[in-house]
Amino acid sequence: MLDKMMSLLKKYRSQIVYLIFGVLTTVVNYLVFFPCSSYLEKTGFQYAVAVSNTIAWVFAVLFAYVTNKPFVFESHDWSWKVVAPEFAKFVSTRLASLLIETVIISVTVDTLHWNKLVWKVLTSVLVVVLNYVGSKLLVFRRKKQG
């Protein structure tokens, strides 16, 4: 039984570690998003939630890159030659998920006035999945040894 569990942990290591750092990235996002949106809403700013979501996204993306690169995808080359294109692809995939998240949040919360917490959590789940797939397939692809 223990061997089987260890085998599964080894097989799904990347997904498990990504889930852990995905939760931590989400925490970073929320720690910025909720105070920012509360402040902007109090000022009467019309797009408080969408703008706060974007600001929180910047902090979350920076955190995600510096944790996902070495711990999830085991990319340990921090030379500018590797980091520059890798980070550009990382940000690009995150921009795509930000756009999706912002449209959903803007429509459901800013326009329809549905529950901010519920929709932030629901979109976070979607974003975590989209970001993993984007990172795995586009950003941190392992080069075939040949």
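View 1. A cavity is a set of grid points where a 1.4 Å probe fits but cannot get out. The structure shown here is a predicted model. Under that rule, one cavity of 30 Å³ or more is counted. The largest cavity has a volume of about 230 Å³. Its lining is made up of 20 residues. Closest to the centre are Thr25, Thr26, Ala60, Val127 and Asn131.

**View 2. The lining of the largest cavity, by element and by class.** Which elements give two or more residues to the lining? They are α2 (13-42), α3 (48-72), α4 (80-111) and α5 (116-139). Helix α2 supplies the largest share, with seven residues. Sorted by class, the lining of the largest cavity holds 10 nonpolar residues, eight polar residues and two charged residues.

**View 3. The contact of α1 with α2.** Helix α1 covers residues 2-11. Helices α1 and α2 pack at an angle of about 70°. Their axes lie 4 Å apart. Angles of 65 to 115 degrees count as roughly perpendicular, so α1 is roughly perpendicular to α2. Which residues meet here? From α1 come Leu9, Lys10 and Lys11. From α2 come Arg13, Gln15 and Ile16. By class, the residues of this contact are two nonpolar, one polar and three charged.

**View 4. An aromatic pair, Tyr30 and Phe34.** The count of aromatic pairs comes to 13. One of them joins Tyr30 and Phe34. The ring centres are 5.4 Å apart. The planes stand at 90° to each other. Planes over 60 degrees apart count as edge-to-face, and the pair of Tyr30 and Phe34 is edge-to-face.

**View 5. The whole chain, for orientation.** The protein chain has five helices and zero strands. Read from the N terminus, its elements run α-α-α-α-α. Along the principal axes, the C-alpha atoms fill a box of roughly 55 × 45 × 20 Å.

Terms used: Residues numbered from 1 in each chain as written. Predicted model: local features only at pLDDT ≥ 70, side-chain atom pairs only at ≥ 80, totals over all residues. Heavy atoms only, no water. 1 Å grid on protein atoms, 1.4 Å probe; cavity = no way out; pocket = protein on both sides within 12 Å on 5 of 7 lines; lining within 4 Å. Points joined across faces, edges and corners; volume = space filled by probe spheres on them. Nonpolar A, V, L, I, M, F, W, Y, C, P; charged D, E, K, R; others polar. Axes fitted to C-alpha atoms, helices over the stretch in contact; angles between N-to-C directions. Parallel < 35°, antiparallel > 145°, perpendicular 65-115°, else oblique. Contact = heavy atoms within 4.5 Å. Phe/Tyr/Trp six-rings, centres within 6.5 Å; stacked < 30°, edge-to-face > 60°.
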